[in-house]
Each structure stands twice: as structure tokens, then as C-alpha cells.
Amino acid sequence: MYTQEVRHSIARRAAQELRDGDIVNLGIGIPTLVNNYIPSDFNIHLHTENGMLEVGPSPSPDSVDPNLINASRQPISELPGASYFDSGMSFSIMRGGHLDATVIGALQVSQAGDLASWAVPGRTVLGVGGAMDLVVGAKRVIVATTHLTKDGNPKILPSCTYPLTAKQEVDVLVTEHAVFHFSEGQMTLVEIGEHLTLEELKAITPAGFGVHPGLTVAKRKEAIH
Amino acid sequence: MPAIRKTAEEAMEYIRSGNTLMVGGFGLSGVPLKLVDALVKTDLTDFTVISNNIGTPGQGLGKLLNTGRIKKAVGTYFTTNPDVGTAYQQGKIEVELLPQGTFCEALRAGGSGIPAFYTPTAAGTELAAGKEQRVFDGQSYVLEKALKADVSLIKAHKADDLGNLVYYKTARNFNPLMAMASDLTIVEVDEIVPKGTLDPEAVITPHLFVDILVTG
């Protein structure tokens with residue numbers, strides 16, 4: 001089982017992938033934590049697919065408005081410069097390529113950059129929501145996820161065994177141990193935590209990947225568990 | 001011509017058993033809860049319901065589901081109500097699941113005279129199984145059909161006498177699209193104001209899409 005520290009470590013590293021001025025949609029789970037780690041001198045404009053730009057932080061309990069919520073149905077607030085729009089406009093923003101980035105969770109990621117995030121074989125899943133549109137449309141898809149499942153099984157695989165959300169749409173994968181980039185169906189390790197060796201990383205990563213010549217070794221001591 | 005004003009109960013006279021209904025809302029925000037409650041109290045049944053969610057257990061459309069009146073549900077995220085999964089497993093309802101952007105675009109197309117459209121969303125996934133796919137400029141697209149309904153039940157913030165609508169924050173969601181895609185639109189509003197008092201630049205749904213107004 002992963003600790004909150006590990007989840008925050010992933011979110012903190014994923015936040016570094018954002019660029020000043022980006023229009024960003026944060027998915028549910030670890031991605032929602034990314035908002036805590038955006039550099040204070042950055043202007044990041046948060047979009048929520050139920051129809052709003054300039055999403056602000058969670059309000060205090062006495063100023064919760066049930067009709068001001070994010071896509072996880074959690075209360076949010078409105079920043080100066082906010083706008084509201086219907087769901088059609090919201091998905092035009094997403095699918096039309098107008099989001100600079102999305103940070104999204106994953107059940108599985110393949111070495112080609114395929115993503116599985118919505119269904120598990122053998123279980124009836126009656127919800128897909130906006131993930132497919134988000135991943136197909138955003139200019140950069142940053143997956144933020146734990147390296148293994150909570151049962152300790154690999155998630156980063158030669159090919160996904162779960163139903164796909166989208167094919168070859170992942171650009172960056174951030175885990176507590178490493179950062180990978182994807183380009184033209186190839187996966188490349190660009191950063192590794194100093195707490196593990198390349199051999200140890202390969203042992204928990206069935207996917208085939210190259211190693212970038214400028215590989216960075218990063219201090220991620222909170223990831224050790 | 002002014003929109004017709006009715007109570008929620010009276011407005012149900014425009015609905016028939018077997019109708020295809022669109023119901024607005026994301027979660028319970030922007031759901032016309034008074035209209036849904038009035039519908040639950042009728043004897044009408046056998047509905048195809050087009051809505052992002054089917055409420056939550058015992059709330060909103062969850063009530064209509066639990067009284068066995070939904071024949072088919074078309075939407076994107078029924079996970080918010082485990083009763084939908086149970087009814088599906090028991091063979092009591094049919095379910096058609098669409099990616100949310102495809103759902104919105106199908107509503108917009110339905111109201112805009114477009115019978116079908118190509119979208120990149122879901123290409124190469126299980127949700128595209130059995131659907132026509134076509135490559136444009138090297139990318140795969142899925143052919144999706146428009147959605148239309150006999151009646152839509154929607155929620156807006158304010159209407160004027162004519163039926164021009166403005167919405168409130170993230171309660172807008174699917175409501176304006178559904179107003180366009182149905183033959184008859186019944187709107188639950190918080191307030192009806194005199195014609196000429198809404199800022200024309202702020203009107204989101206022009207009155208021609210609105211038939212019946214119910215105050216909440």
C-alpha cells in the first residue's frame with residue numbers, strides 16, 4: 001500500500017512538468033494533488049470539464065456552493081477572470097487541442113504510450129467520463145501514477161492488458177521512482193530516483209525502455225517505503 | 001410568444017410512456033430535481049433516459065431507476081450510482097456508455113441538424129467496437145450518431161417571460177445542449193423575470209428552444 005508521502009512525491013514531480021501560462025486539466029486521484037505544488041510565480045489556468053476555466057482552491061466549509069464543483073464533484077472556488085461554459089464548449093476546449101496539458105492517473109501504461117485508466121477486465125464498469133477526450137485532445141499528456149499497483153503488481157507494461165483509454169497519447173510518465181518520456185511509440189527513461197539502481201528499476205518495469213544519454217538522478221527520499 | 005408556465009406536476013402531462021427523455025446535470029448539480037420528483041410520482045414508464053449520470057442512490061434519477069421505469073440509459077458515468085450496475089447485472093436496464101465529449105457533441109449535433117460526426121475520441125478502444133472508423137490525415141476517427149429526444153427536462157437559473165435562459169456557475173453543464181436536441185423542452189428555473197430585464201448578451205439559451213417553464 002502506498003503512503004500519502006509517496007502520492008505527494010509523485011504530484012510534486014508532476015507539477016514540475018507544467019510550464020508558466022499553461023491551460024491545464026487535472027484528473028482525479030494523485031493529479032488533484034498537483035495543484036499544491038505549482039510554483040508560486042507560475043500562472044497556471046485550471047480547466048474543469050464540467051464547464052469552467054480559472055478553477056480556484058477548495059473553499060472553506062462555510063462558503064461551499066453545491067453548484068460550483070469540479071469534475072470529481074468536489075467544491076471549488078472561482079478565481080478572478082473565471083468563465084463558465086456548457087459541456088459542449090468544455091469538450092471543444094479539450095478535444096480541439098486547446099489544453100496545453102493534462103495530468104491524469106493510470107491503471108496501466110504501455111511502452112508505446114498507450115493508456116488504460118477506466119476499466120478492469122471481468123468487472124462491469126459503467127463509467128468512462130471525460131478521460132478519453134482529455135487524453136486524445138490535450139497537447140501534453142502527463143501521467144502521474146504509482147509505479148506498481150497497490151498489490152505490488154507492475155503497471156508499466158510491454159502492452160496494456162486492460163481496456164484502453166487511448167493509444168499512443170502519453171507524453172510523460174511520472175512515478176515515485178522515475179520519469180519517462182514517450183515519442184513515436186518509444187519509451188525513454190529521463191530521470192531516476194537516487195534510491196534505486198537502473199537494474200532495480202528494470203526489475204519492476206516490464207516495459208522495454210531506452211535510457212536518455214542525459215539521464216538525471218533525482219533525490220526522492222520520500223519515495224522509499 | 002411567452003413560454004407556457006406550469007407547475008412541475010402539470011408539466012408531466014406533456015410526457016408519454018416510452019418517451020426518450022434528456023435530463024440535464026452533472027452529478028446532482030444542474031439536475032431539475034423538482035421535475036424529476038414530479039416524474040417519479042406519475043405512472044409513466046418505459047423511458048430511454050439520456051443523461052450524464054443516473055443520479056446517486058435514491059436521489060434524482062436514482063428514484064426513477066429504483067421504481068423500474070428506465071428501460072435504457074445513455075450517458076457517460078453511471079458509476080456514481082451503484083444501483084445502475086445492479087439493475088444492469090440483473091438485466092433490468094440497457095446501458096449505452098459514451099465518452100463525455102462524444103456525448104456532448106452528439107447532443108449538439110442532434111440539435112443542429114447533423115446526423116453523425118467523426119471524433120478521434122475512443123478510436124482503437126472497446127468503446128469504438130462495431131462503429132465505423134475512418135482515417136483522415138493519418139489519424140483514426142470514430143463515426144458517432146447524434147442524440148435526439150422527445151422531451152428534455154433541464155435546469156436553468158433565470159428565465160424571462162419569453163423563455164430566454166441564463167444559468168448558474170457549473171450547474172450549466174449539459175442543459176443548453178439538451179434544450180436544443182429535444183422536440184419539447186421543460187425548464188425548471190429559480191426565478192422568472194419580466195421580458196427585457198435579462199442582459200441580451202448574457203442569454204445562453206434563446207427562448208425559441210424553450211417551451212414550458214416551471215419555477216423551483
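The dialogue below concerns a predicted model and sets values against the definitions behind the terms.

Tutor: Let us begin with the division of chain B into domain 1 (4-111 + 146-215) and domain 2 (118-145).

Student: Why is the second largest pocket said to lie between domain 1 and domain 2 of chain B?

Tutor: Both domain 1 (4-111 + 146-215) and domain 2 (118-145) of chain B give residues to its lining, so the pocket lies between them. Its volume is about 350 Å³. Its lining has 18 residues, and the closest to the centre are Trp118(A), Val125(A), Leu97(B), Glu126(B) and Leu127(B). Strand β5 (residues 94-97) of chain B gives the largest share of the lining, three residues.

Student: How do the residues of that lining divide into nonpolar, polar and charged?

Tutor: The lining of the second largest pocket has 13 nonpolar residues, one polar and four charged.

Student: Which class, nonpolar or polar, has seven residues in the lining of the largest cavity?

Tutor: Seven are polar, four are nonpolar and no residue is charged. Gly counts as polar under the definition, and Gly24(B), Gly25(B), Gly27(B), Gly55(B) and Gly60(B) are among the lining residues.

Student: Let us turn to single residues. Why is Asn81(B) called buried?

Tutor: Buried means under 20% relative accessible area. Asn81(B) has 1% relative accessibility, and therefore counts as buried. Asn81(B) is in the loop between β4 (70-75) and α4 (82-89) of chain B. Not counting residues up to four places away in sequence, Asn81(B) touches Ile54(B), Gly55(B), Thr56(B), Pro57(B), Gly62(B) and Leu65(B).

Student: Why is Ala87(B) also called buried?

Tutor: Ala87(B) is at 10% relative accessibility and the limit is 20%, so Ala87(B) counts as buried. Ala87(B) is in helix α4 of chain B. Leaving aside neighbours within four places in sequence, Ala87(B) is in contact with Leu65(B), Lys92(B) and Ile93(B).

Student: Are Ala122(B) and Lys169(B) buried or partly exposed?

Tutor: Ala122(B), at 0% relative accessibility, counts as buried. Lys169(B), with a relative accessible area of 22%, is partly exposed, because that class lies between 20% and 50%. Ala122(B) is in the loop between β6 (116-119) and β7 (133-136) of chain B, and Lys169(B) is in the loop between β10 (165-166) and α6 (175-181) of chain B.

Student: What makes a set of residues a nonpolar core?

Tutor: Its members are buried nonpolar residues, such as Val, Leu and Phe, joined through side-chain atoms within 4.5 Å. The largest nonpolar core has 61 residues, and those with the most contacts inside it are Val143(A), Phe180(A), Leu107(B), Leu147(B) and Leu165(B). Helix α5 (residues 100-110) of chain B gives the largest share of this core, five residues. Another core, of 40 residues, lies apart from it, with Val128(A), Val49(B), Leu61(B) and Ala73(B) among them.

Student: How do you know that Met187(A) is buried?

Tutor: Met187(A) has a relative accessible area of 3%, which is under 20%, so Met187(A) is buried. Met187(A) is in strand β12 (residues 186-193) of chain A. Its contacts, leaving aside neighbours within four places in sequence, include Phe180(A), Leu173(A) and Gly208(A). Met187(A) and Gly208(A) are 21 residues apart along the chain, and their C-alpha atoms are separated by 7.3 Å.

Definitions and conventions: Residues are numbered from 1 along each chain as its sequence is written. Chains are lettered from A and ligands numbered from 1 in the order in which they are written. This is a predicted model: local features need pLDDT of at least 70, side-chain atom pairs count only at pLDDT 80 or more; totals for chains, interfaces and linings use all residues. Side-chain values use heavy atoms; hydrogens and water are left out. Helices (H or I, at least four residues) and strands (E, at least two) are DSSP runs, numbered from the N terminus. Buried means under 20% relative accessible area, exposed over 50%, partly exposed in between (1.4 Å probe, protein chains only). Contact means heavy atoms within 4.5 Å. On a 1 Å grid over the protein atoms alone, a cavity is a set of points where a 1.4 Å probe fits but cannot get out, and a pocket is an open set with protein on both sides within 12 Å along at least five of seven lines; lining residues have an atom within 4 Å of a point. Grid points are joined across faces, edges and corners, and a volume is the space filled by probe spheres set on the points. Domain bounds come from an automatic or database domain assignment.
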